[in-house]
Amino acid sequence: MNHNLEKEKIFASVKNLIERSKEAQKSFEFATQEQADAAARAICKVVYDHASELGSMAVEESRMGDVQDKITKCINKSALIWNSIKDKKTVGVISTDEATRTMEVAKPMGVVACIIPSTNPIVTPMCNAAFALKTRNSAIFAPHPRAVQCTKLLTELFRKELKRLGLPEDLILTLERVSIEDSSELMNATDIVVATGGPSMVKAAYSSGKPSLGVGQGNVQCIIDTDVDLTDAAKKIVKGRSFDNGLICLGEQTVFVQKNQMNDFLKAIKENNGFVVENKELTECLREKIFPNGGPINRDIVGKNAVQIAEQFQLKVPENTKVIVVKAEAVGRGDDLCREKLCPILTVYPYDTFEDGVAKMVENLEVEGKGHSIAIHSNTPKHVEYAAIQCSVSRVIVNQPSGTTGGGSPTNGFTPTTTLGCGSWGNNSFSGNFSYIHLMNITRVGYPYEESYLPNPEEAWK
């Protein structure tokens with residue numbers, strides 16, 4: 001009986017948040033474009049202005065990641081995301097087509113439930129909230145248990161800015177008591193769910209009965225063509241793999257190198273602060289410590305830097321080591337080292353021909369990461385096209401550090417975001433980079449043509 005009463009109290013609390021959020025969204029539903037833009041800009045600017053405080057707090061509370069990288073991410077992502085949406089029209093008539101005599105009218109969706117991961121507890125809610133307010137929705141955060149205080153502070157800062165703008169503070173709310181029951185009730189009662197997190201949480205979002213935008217598992221495969229500068233490729237790969245201590249789902253996981261170039265590549269890796277494990281017995285020991293008994297990754301190494309991991313494994317590495325490189329003995333299900341590793345451990349494997357290397361990437365993706373992303377270092381367009389055709393992924397990152405650019409960057413045209421769809425391959429409802437367009441309903445208006453474009457059905461076959 002007491003358990004049921006407690007459960008009712010929890011649900012009542014969530015219900016209260018949803019009622020407040022709905023009321024705030026209703027009063028924001030017919031906001032002007034200028035008001036929607038001001039709200040979205042304020043969300044991004046808060047993170048930009050408080051980058052040092054928020055980045056440090058994220059590492060301290062979650063006990064994962066690198067402080068300076070978190071701060072850098074706060075600064076860069078906030079600017080990139082706002083810059084990408086600031087001139088986009090999301091209110092009223094957003095497009096007209098004289099040729100087809102149609103026009104499109106943007107409408108909000110309502111209350112957005114935002115499931116926040118422990119790996120990205122600052123910029124993910126910022127991104128979700130900016131997109132939600134840009135499209136005149138409200139948002140409620142469901143933080144990870146290891147990032148409750150981060151999310152609470154962030155929410156307070158967002159609400160303060162909304163109040164300053166004369167907008168309803170309840171456009172942004174957060175669950176303060178985190179539990180599976182709370183998150184489930186939130187997802188079941190809101191209008192749309194954006195789930196950025198582990199497979200179980202994403203599955204729960206899709207099972208909520210509400211429209212959901214979830215992400216698939218990362219396991220970025222990377223291939224180096226024979227026509228590139230190995231030193232340049234190694235530098236970019238180390239940067240992508242080590243950023244934020246390897247927490248980014250876009251970080252390179254397994255790198256395929258032409259067998260005759262492997263020694264030169266490993267030399268370049270060492271020159272860029274990579275430590276290469278040469279001993280097979282030691283590699284076997286590390287494999288077991290990373291994936292005990294072939295099961296899930298060892299949680300104690302997630303988000304730790306290379307030196308910290310080496311200390312845990314009693315492995316002696318230079319103090320400036322950025323990544324630990326291990327050599328796989330097989331691909332796909334033949335070696336756990338080809339799976340996703342949420343820390344700066346990089347796997348390498350040789351290939352004979354480029355086509356052989358791509359086939360091995362596909363084999364790894366079939367085990368983990370299908371639908372997410374691959375990286376390719378090549379100056380041969382046909383090879384890039386071949387990899388893009390053969391690999392069932394939503395993103396192909398060319399000649400860039402995948403870990404820092406696949407989510408949008410000044411170096412490419414990918415939409416800046418923190419939530420990456422993996423299409424049907426990854427059991428997701430969308431492929432590509434999540435943006436404000438996913439949080440708009442669109443009313444389409446069609447006028448009649450002056451003349452029928454197909455007066456005689458027989459004309460269609462000519």
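This is a predicted model: local features need pLDDT of at least 70, side-chain atom pairs count only at pLDDT 80 or more; totals for chains, interfaces and linings use all residues.
1. Residues are numbered from 1 along each chain as its sequence is written, and side-chain values use heavy atoms, with hydrogens and water left out.

2. Have a look at helices H2 (residues 33-49) and H6 (residues 148-164), which pack at about 135° with axes 9 Å apart. Helices here are DSSP runs of H or I, at least four residues, and strands are runs of E, at least two. The crossing is right-handed. On the H2 side, the contact (heavy atoms within 4.5 Å) is made by Ala39, Ala42, Ile43, Val46 and Val47, and on the H6 side by Leu154, Leu157, Phe158, Glu161 and Leu162.

3. Phe158 turns up again in the largest nonpolar core: of its 52 residues, Phe158, Ile172 and Leu439 touch the most other members. Such a core is a set of buried Ala, Val, Leu, Ile, Met, Phe, Trp, Tyr and Cys residues joined through side-chain atoms within 4.5 Å, buried being under 20% relative accessible area, exposed over 50% and partly exposed in between (1.4 Å probe, protein chains only). Helix H5 (residues 123-134) gives the most to this core, with eight residues.

4. Now the backbone: Gln314 isn't a glycine, yet has a positive phi of about 55°. Gln314 sits in the loop between helix H12 (306-312) and strand E11 (323-327), and counts as exposed at 74% relative accessibility.

5. Arg63, also not a glycine, has a positive phi of about 60°. You'll find Arg63 in the loop between helix H3 (51-62) and helix H4 (67-85).

Conventions: Axes are lines fitted to C-alpha atoms, for helices over the stretch in contact, and angles run from 0 to 180 degrees between N-to-C directions. A crossing is left-handed if the near helix is turned anticlockwise from the far one by less than a right angle, and right-handed if clockwise.
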